[in-house]
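Dear colleague,

Here is the structure I said I would pass on. My notes on it follow below.

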Amino acid sequence: MAATGSVDLLARTLAQTEAIIAMVRPEQATLPTPCASWDVRTLVNHMVHDVQQFTVTAHGGDWDPQDADVIGDDWAGAYREAASALLEAWRRPGALEQTVRLPFGEFPATWRVGQQITDLAVHGWDIAKATGQPTDLDPEVGQLALDWGRENLKPEFRGNAFGPEVSVPADRPIYDRLAGFFGRAV
């Protein structure tokens, strides 16, 4: 059975990521991130776009792949607004009982919530690492994300978005193991 997420755990993930984004200083915008070829600003923008699109798909809409500038000068505010809309979408009566349509199949909504937690946990780590913030984040979020990744991110799905898994010893912190699984050097 695929790792699934709960709205409460998604809320913690969103809050954790918001706190990371809020701590980014303007002069850090052009720093490189562990997410290849994206600087801090581009990655934060991508994350806000993803959260906006997670909301669209939670309502049954289709993903818009256009990564336009959605953060302006208030990165944390743009993220907070997108996160609030996503939580509202998943908290609607019956939202978690639905099936979501994705380009590669139909999945239970709880699978999609797990995917969203994973995406935000990995990219939150990317931003924290790039800006010198602590990467010792919520361990329950990290464990769900690692479990989700191990079950769902098979080698044939890695493509250009994820590098090959980087070996990280099992005794390292959960977020180091998560980053390594998603191809980041720790």
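α1 passes α4 in a left-handed crossing. This is a predicted model. The axes of the two helices, α1 and α4, come within 9 Å and cross at roughly 20 degrees. An angle under 35 degrees counts as roughly parallel, and α1 and α4 are therefore roughly parallel to each other.

On the α1 side, the contact is made by L9, L10, T13, L14, T17 and I20. α4 contributes V113, Q116, I117, L120, A121, G124, I127 and A128. By residue type, this contact of α1 with α4 divides into 10 nonpolar, four polar and no charged residues.

Next, the core. The largest nonpolar core has 57 residues, and L10, L14 and W90 touch the most other members. At least two residues of this core come from each of α1 (7-22), α2 (40-58), α3 (75-90), β1 (99-102), α4 (109-130), α5 (139-152) and α6 (174-181). α4 gives the most, with 11 residues.

Leaving aside residues up to four places away in sequence, L10 touches L86, L87, W90, V113, Q116, I117 and L120.

Regards

Notes. Residues numbered from 1 in each chain as written. Predicted model: local features only at pLDDT ≥ 70, side-chain atom pairs only at ≥ 80, totals over all residues. Heavy atoms only, no water. Core = buried A, V, L, I, M, F, W, Y, C linked by side-chain atoms within 4.5 Å. Buried < 20%, exposed > 50% of the residue type's maximum accessible area, 1.4 Å probe, protein only. Helix = DSSP H or I, 4+ residues; strand = E, 2+ residues; numbered from the N terminus. Contact = heavy atoms within 4.5 Å. Axes fitted to C-alpha atoms, helices over the stretch in contact; angles between N-to-C directions. Parallel < 35°, antiparallel > 145°, perpendicular 65-115°, else oblique. Left-handed = near helix turned anticlockwise from the far one by under 90°. Nonpolar A, V, L, I, M, F, W, Y, C, P; charged D, E, K, R; others polar.
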